[in-house]
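Hi,

Here is the structure I said I would pass on.

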Amino acid sequence: MDRGIFAHAIFNQLEGRWNGGSTQFRWDGQGWAGTDYDKLWIKSEGTVSNGALDDGQHQFLYSRAITTYFDLQGGLRSDLDSRPTRNWAALGIQGLARYFFDLELTGFVSGQGHLAAKLEASYDLLLAQRLILQPQVEVNVYSKADPARLTGAGFSDIDTGLRLRYEFSRQFAPYIGVVYKGKFGQTANFARQVGESTGDVGFVFGVRAWF
């Protein structure tokens, strides 16, 4: 029974963001196919703002179950958006941590010898049978600056939010919320040089869907 092949896809974020002056569209989704022990993954995220695609990250991974709740993942990441493309080797873990936190921690090595790390975490707080409050955070760290992609060395950026969703079904759940996106250090300096914001609080409205 544990060798059956299954498939699953989910968009945790399909949302519009409004900060009082501009509107963005963001997606963050992933899907897999495989057995309980071995899976092939595709992960994709990005933001569309003023007709340009930003923060485009796409990962193609193989995973192997190493404990009951965690998988070891390895593969490739491509940064494909309106800025120069970068490719990375990826290695990380994904699973359900203590107290039911969804956790992803991944390290990357680029062809130019740059190192990077990404942490994603979220938690579902059940307020009622169908009403769920989800805090979420994503943090990126880089070893070297990449001015062409407006990325600085060190603690680069954070994307965090609080979303309240109503599950009409497990497969379809509209939500509203508030998010904060901040840039720090060299990344913030690069943003200022091209006239971009270094920190925004915005309201979001979207849908969480899985198949």
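**Salt bridges, and the rest**

I'll start with a pair of charged side chains: Glu 45 and Arg 26 form a salt bridge, with 2.7 Å between the closest N and O atoms. Glu 45 sits in strand β3 (residues 38–49) and Arg 26 in strand β2 (residues 23–34), so the pair links distant parts of the chain, 19 residues apart. Both ends are out of the solvent by the numbers: Glu 45 has a relative accessible area of 5% and is buried, and Arg 26 counts as buried at 3%. Keep in mind that this is a predicted model.

The pair also belongs to something wider. Arg 26, Glu 45, Lys 118, Glu 120 and Glu 138 are linked in a network of salt bridges. Over the whole structure, the search turns up 21 salt bridges.

Lys 43 meets Glu 104 in a salt bridge, at 2.9 Å from N to O. This one also links distant parts of the chain: Lys 43 is in strand β3, Glu 104 is in strand β7 (residues 101–110), and 61 residues separate them. Lys 43 is buried with a relative accessible area of 6%, and Glu 104 is buried too, with 12%.

Then there is Asp 79 with Arg 149, where the closest N and O atoms are 4.0 Å apart. If you apply your own distance criterion, note that the cut-off here is 4 Å.

**Overall build**

Stepping back, the protein has one helix and 13 strands. Reading from the N terminus, the order is β-β-β-β-β-β-β-β-β-β-β-β-α-β. The radius of gyration is 17 Å, close to the 17 Å that the globule rule gives for 211 residues, so the protein is as compact as a globular protein of that length. The C-alpha trace spans about 55 × 40 × 30 Å along its principal axes.

- Of the 211 residues, 42% count as buried.
- Taking contacts between residues at least 6 apart in sequence, 44% join residues at least 24 apart.

Helix α1 covers residues 185–193, and its buried residues are Thr 187, Ala 188, Phe 190 and Ala 191. Viewed down the axis of α1, these buried residues fall within an arc of 160 degrees, so they line one face of the helix. Just after α1, Gly 195 takes a positive phi of about 80 degrees.

**A nonpolar patch outside**

On the surface there is a nonpolar patch made of Trp 18, Leu 125, Leu 127, Leu 162, Leu 164, Ile 176, Val 178, Val 201, Phe 203 and Phe 205, with about 930 Å² of accessible area together. The elements giving two or more residues to the patch are β11, β12 and β13 (199–210). Of these, β13 gives the most, with three residues. Leu 164 is in strand β11, and at 30% relative accessibility it counts as partly exposed.

Most residues other than glycine have a negative phi, and two residues here go against that. Asn 50 is not a glycine, yet has a positive phi of about 55 degrees. Asn 50 is in the loop between β3 and β4 (52–65) and counts as exposed, at 75% relative accessibility.

Leu 150 also has a positive phi, near 60 degrees, in a residue other than glycine. Its place is the loop between β10 and β11. Which side of the burial cut-off is Leu 150 on, buried or exposed? At 16% relative accessibility, Leu 150 counts as buried, since buried means under 20%.

Cheers

How values were computed. Residues are numbered from 1 along each chain as its sequence is written. This is a predicted model: local features need pLDDT of at least 70, side-chain atom pairs count only at pLDDT 80 or more; totals for chains, interfaces and linings use all residues. Side-chain values use heavy atoms; hydrogens and water are left out. Buried means under 20% relative accessible area, exposed over 50%, partly exposed in between (1.4 Å probe, protein chains only). Helices (H or I, at least four residues) and strands (E, at least two) are DSSP runs, numbered from the N terminus. The arc is that of the directions from the helix axis to the C-beta atoms. Patches are made of residues with over 30% relative accessible area and no salt bridge: like charges are joined within 9 Å, nonpolar side chains (Val, Leu, Ile, Met, Phe, Trp, Tyr) within 5 Å. Accessible areas come from the Shrake-Rupley method with a 1.4 Å probe; for residues, only the protein chains shown count as cover. The radius of gyration is taken over C-alpha atoms; the globule rule is 2.2 Å times the number of residues to the power 0.38. Contact means heavy atoms within 4.5 Å.
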